[in-house]
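Subject: Structure handover

Hi,

Here is the structure I promised to pass on to you. Please have it open while you read, as my notes follow below.

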Amino acid sequence: MRRVGTFEHPRVDLSGRVAVVTGGSGGMGLEACRALAEMGARVILGARHDKSREAACQAILKDHPTAAVEHAALDLADLASVRTFADEVLARIGDTRVHIFLQNAGLWPKKYARSAQGHEITFATNVLGHFALTRYLMPRLGPWETAPGTQEGAPQTTRVVVVTGDIYHQTDSCTPDFEWQGDPACVGSRPQRPTCGTPLETVRVPD
Ligand SMILES: NC(=O)c1ccc[n+]([C@@H]2O[C@H](COP(=O)([O-])OP(=O)(O)OC[C@H]3O[C@@H](n4cnc5c(N)ncnc54)[C@H](OP(=O)(O)O)[C@@H]3O)[C@@H](O)[C@H]2O)c1
């Protein structure tokens with residue numbers, strides 16, 4: 001076991017594997033990128049801000065100079081940006097598969113806002129953006145041939161991980177009304193119902 005911050009993770013050889021991580025420039029996403037890169041994966045991280053993406057890559061490279069970590073612009077709250085990011089990823093990896101797809105980016109807004117396409121910002125970012133990105137990356141998701149030397153029991157299809165929270169437990173009900181604006185007197189309750197969409201968005205990649 002290797003220690004990363006206060007967490008331990010098993011040492012797995014991810015050489016030759018491609019990992020796409022949304023929100024990889026900060027928080028848990030950055031730590032996930034660091035761990036994946038340390039284990040040998042080629043990591044492509046997406047986030048909105050150029051400087052934080054570059055800083056994240058440099059921070060990982062500082063600790064692991066041979067890491068294969070790169071970044072591309074991604075705003076999950078703008079479906080045009082999602083398309084551009086997906087095209088960029090597909091162009092960069094060519095015939096390779098996306099072996100690990102970590103849907104990590106998410107937000108907890110303090111006030112009601114809408115996305116570029118006019119959807120509630122939490123639902124747009126956490127759910128719609130990831131759903132669209134999954135669809136765009138679908139040609140490179142799914143099963144692959146076992147490479148010589150693959151560890152016994154190693155997964156042979158894309159591992160899609162959806163990061164969410166348990167805040168939906170605090171809402172009074174969970175309905176398909178993801179555009180719900182909540183009680184104006186209780187700002188904190190507003191994102192809870194849209195957040196319910198994250199578990200619903202989880203997809204099963206065909207195998
Ligand atoms: N931290 C908690 O206590 C907690 C609790 C429950 C659930 N979660 C969930 O865990 C995940 C990670 O949380 P965190 O606290 O580590 O996040 P964080 O520190 O706030 O980092 C968020 C990351 O997502 C990116 N991001 C934000 N909006 C984006 C957008 N529209 N498009 C693309 N990237 C975007 C940010 O970069 P840019 O700003 O540059 O885009 C950043 O890299 C989230 O899904 C969150 O909902 C966290």
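Let me begin with helix 4: its 17 residues reach 22 Å from the first C-alpha to the last, close to the 24 Å expected at 1.5 Å a residue. Please bear in mind throughout that this is a predicted model. Helix 4 also bends, by about 30°, at Leu128. Of its 17 residues, 13 are buried, so helix 4 is largely enclosed by the rest of the structure.

Now the overall layout. The chain has 6 helices and 7 strands, and along the sequence they follow the pattern β-β-β-α-β-α-β-α-β-α-β-α-α. Of the 207 residues in the chain, 38% are buried. If you take the contacts with a separation of 6 or more, 68% of them are between residues 24 or more positions apart.

Five strands make up an open sheet with parallel pairing, in the order 5-4-3-6-7. Its edges are strand 5 (68-73) and strand 7 (159-162), each of which pairs on one side only. From one strand to the next, the twist averages 15°.

How many residues of strand 3 are buried? The count is 5 of 5, so strand 3 is largely enclosed by the rest of the structure. Its side chains point two ways: Val18, Val20 and Thr22 go one way, Ala19 and Val21 the other, and all are buried.

In soluble globular proteins, nonpolar side chains tend to be buried together. Here the largest nonpolar core holds 43 residues, of which Ala19, Cys33, Leu36, Ala41 and Val43 touch the most other members. Two or more residues come from each of strand 3 (18-22), helix 1 (27-38), strand 4 (42-47), helix 2 (50-63), helix 3 (79-93), strand 6 (100-103) and helix 4 (121-137). Helix 4 gives the most to this core, with 7 residues.

Beyond its neighbours within four places in sequence, Ala19 is in contact with Leu36, Ala41, Val43, His99, Ile100 and Leu102.

Val98 is in the loop between helix 3 and strand 6. Is Val98 buried or exposed? Val98 has 23 C-beta neighbours inside 10 Å, so it counts as buried, the cut-off being 20 or more. Apart from neighbours within four places in sequence, Val98 is in contact with Val18, Val20, Ile93, Leu137, Arg140, Leu141 and Thr158. One of these, Thr158, is 60 residues away from Val98 in sequence, yet the two are 6.5 Å apart in space, C-alpha to C-alpha.

Happy to talk any of this through once you have had a look.

Best wishes

Conventions: Residues numbered from 1 in each chain as written. Predicted model: local features only at pLDDT ≥ 70, side-chain atom pairs only at ≥ 80, totals over all residues. Helix = DSSP H or I, 4+ residues; strand = E, 2+ residues; numbered from the N terminus. Buried ≥ 20, exposed ≤ 12 C-beta atoms within 10 Å, placed from the backbone. Contact = placed C-beta atoms within 7 Å. Core = buried A, V, L, I, M, F, W, Y, C linked by C-beta atoms within 7 Å. Expected span 1.5 Å × (residues − 1). Bend = angle between axes of the 7 residues up to and from the residue. Pairing = 2+ DSSP bridges. Axes fitted to C-alpha atoms, helices over the stretch in contact; angles between N-to-C directions.
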